[in-house]
Amino acid sequence: MLGSTVHERRRRLARHHLRFAPKILTRLGEELVPHPDMGIMELVRNAYDADATECSIELVDSGRPGGSIIVSDNGYGMTDAELTSDFLLIGSSRKPSSPFTRSGRRRVGEKGLGRLAALRLGRRVKVTTRSEKTPGVQYTLGIDWDELDSAHAVEDVALELRDVPPHARVGTRIEIHDLRQGLSVADVGRLTRSLTLLTGPFQTESTFKILWNQTAFGHEDLTSAVKDEHLQWAEFHLSGRLGRDGSQSAELRDHRGHLIGTATADDLRSAAAGGRRQTTIEGSQRLFTSAPAAKFDLWMFNLNPRHSVALRDSIQPTPEIKSWLAAVGGVHLYHHGLRVQPYGDPDDDWLSINVRRAVLSEFRPYTNNSVGALVVNDREDRLQPKTDRSGFVQNAAFGELREFARSAIEWASQRRRQIREAERQEQRKRAKAQTADAEVEFTEAKKALEAQLADNQDRLDGNFDRASVQRILTTSQLLADQRLREIKDLHSELLLYRALATVGTSTAVFAHEAQQPADRILQEARTVDRRVRRDLQPAIVDDRYKPSLSAITDGARTLQIFAKLPLELLVRKKRDLTYVDIDEVCLATLRLFHNFLSDRGIHVTQDLDCQNLRVRTYEAAVESIVSNLLVNSIHALTRTDGGDERRIHLATCSFVDKDTSWVRLIVDDSGPGIQDASTEEIWIPGFTTRDGGTGLGLTIVRDTVGDMLGRQEAVKNGPLGGARLLIDLPASTAATPAVEITNDEREER
């Protein structure tokens, strides 16, 4: 009987639905999308999904509260059923069930929340739509947000849908009136830029055009400024491909369109890893299996007008290009045909190109001198938009896509450095040869003039050959001009070494100041050790305190090493021209590095035998060579793929080549060797396999050896398994440095 009563009661209870308060609209609309321009862009995307060919934006007194925003399109419009079941259903989207529009466009709407942010910008909204399915009727819908906000629940307020005789074209018009806040200058600027770049200018002709009233926007129409014609002034064009199967490739072309470099997947991976090969557990090359297919283009500009004249023999419109890059510069991401914010926005360095340029500026693009587009063909929707529409979720697909673009940029930067270095070396050789020829011409002209002067018994009023006088004037001018060219060519190197000198002197100052604290730490550590051993049992001290005290002591000794090393390298007498014993410099340098090497578990062996041959140079120069070679080996041994055994072997020997005595310096290590780079490439400025490295250590070695008329060589894998670096220097047979010092040498001091 009781069970029957409960059953009847259950049948009498009414069914209820989940309800929500109006405040949820604020959460989903006003707070979900941070900027009003992003909400307006969602209405534009809705027009794109409606197969519109045109979308118009009107701003009416939008700079103050109470203004209006009107977005209209010529898409296929909405029926009454579509208005109620799709447009008014917050969070709905046709994309999951129908990913393509009627014309074949890939839908870009995802969660149906973006339009709510735009509709909430004003207090009143009017929607007018005419569907191509029912062209004989037009529907209007009004939303009063104040009425909704004051209601107990959103569903308590009924929205009136009216049908009227059609007086507008097929499509949809959304009017947002009585703006809660006016659009700021920054809002309008972002909106203008977003509208301009939504479908271009880096892609093929789009079937979706955006119109807006320029006067109301208060900004110049960027459509006229954003043109492909500016791309013709780019110095380099990088293009890359990422296949659906994870394959990668890239190519670099110059301003004429000539191909100057191609990259395979291995080249790009090597560039991305800074020379460190990345492999899977099985040891095979890792492919990008999560990222969608993509096409990457980047145009890099040189904004120096004089460079343009030298490169093209024409003057580029530098002010216009700078303004254009200020408006559209950066790398933009296009997904399903439309640009995705915030990638490429002024404050979004999503590829970290500005950060990388700060580490090593030469030949690296940044957002002020380059513009590019990463166009993604995401058929499987591997990229997932964030709820607030501010880009994509950081999943594996997005990570691989970003790594692909970064590696292409890094490879192009390395290739540009290689090209410039080859040009610089060729220019130096050519300059030396031209200078030598000019000196010969001048010497011969001088001798001829001196002979004529002797024939005339040193009288200037004698019968001189005018051609001889003209020759001496011409050759002297030619020699002077050639010397000036050499000075100009060396100017950039001078700036580099001045910067390094600044680093060195600054380091010396800090090193000098660090000596006293390091000594004090060691002294205090000994005092603490002595006191705890006096107050506690030795077993307790060894168990509880000895590890910490040892760590403090080792750290202080390391500070002492870092303090002593730069001060030793900057000793004044080492910059005097003399006869340098290579073996002695090697031993002295090893002593400086001894504790540093020991702390890192690096075992160093040596075999020094120069047969008392010396090199006429500066001790600081040889010390620089030995130090940089040791540092190079240390970095190789402390890399993650450096192996467990850490060994360095330093050797010297002598030999004779074409009647010339030479001294050879050899440095071997047990690191991974030279990987993914040629033995010539490692000497190029900027090439580095270490995060945060400058790529200048081996360049300094090469330039120093060149100044000493020596030569350098690299072997990818030497006797210890790692790299082998060899330095040959012409030797002097002088047995003692105690020789007469010339006036030139005094001046050099």
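The structure is a predicted model, in which local features need pLDDT of at least 70 and side-chain atom pairs count only at pLDDT 80 or more, while totals for chains, interfaces and linings use all residues. Residues are numbered from 1 along each chain as its sequence is written, and side-chain values use heavy atoms, with hydrogens and water left out.

The protein chain contains 19 helices and 21 strands, where helices (H or I, at least four residues) and strands (E, at least two) are DSSP runs numbered from the N terminus. Of its 749 residues, 44% count as buried; buried means under 20% relative accessible area, exposed over 50%, and partly exposed in between (1.4 Å probe, protein chains only). Among contacts (heavy atoms within 4.5 Å) between residues at least 6 apart in sequence, 74% join residues at least 24 apart.

The axes of helix α16 (residues 582-599) and α17 come within 10 Å and cross at roughly 40°; axes are lines fitted to C-alpha atoms, for helices over the stretch in contact, and angles run from 0 to 180 degrees between N-to-C directions. The two helices, α16 and α17, are therefore oblique to each other. Their crossing is right-handed, a crossing being left-handed if the near helix is turned anticlockwise from the far one by less than a right angle, and right-handed if clockwise. Residues of α16 in the contact include Val585, Leu590, Phe593 and Phe596, and those of α17 include Glu619, Val622, Val626 and Ile634. By class, 13 nonpolar, two polar and two charged residues form this contact of α16 with α17. Ala, Val, Leu, Ile, Met, Phe, Trp, Tyr, Cys and Pro count as nonpolar, Asp, Glu, Lys and Arg as charged, and the others, Gly among them, as polar.

Helix α17 (residues 619-637) also packs with helix α18 (residues 697-707), at an angle of about 150° and with the axes 9 Å apart. That makes α17 roughly antiparallel to α18. The crossing of α17 and α18 is left-handed. On the α17 side the contact is made by Ala621, Ser624, Ile625, Asn628, Leu629 and Asn632, and on the α18 side by Gly697, Leu698, Ile700, Val701, Thr704 and Val705. Arg702 and Asp703 are among the buried residues of α18. Just after α18, Leu709 takes a positive phi of about 60°.

A nonpolar core is a set of buried Ala, Val, Leu, Ile, Met, Phe, Trp, Tyr and Cys residues joined through side-chain atoms within 4.5 Å. The largest such core has 44 residues, and Ile57, Ile69 and Phe208 have the most contacts inside it. Helix α3 (residues 36-49) supplies the largest share of this core, six residues. Beyond its neighbours within four places in sequence, Ile69 is in contact with residues including Ile40, Leu121, Ile174 and Leu183. Another core, of 40 residues, lies apart from it and has Leu597, Val615, Leu630 and Ala677 among its members.

Asp267 lies in helix α9 (residues 265-272) and is partly exposed, with a relative accessible area of 31%. Not counting residues up to four places away in sequence, Asp267 touches Thr262 and Trp411.

Definitions and conventions
Angles under 35 degrees count as roughly parallel, over 145 as roughly antiparallel, 65 to 115 as roughly perpendicular and the rest as oblique.
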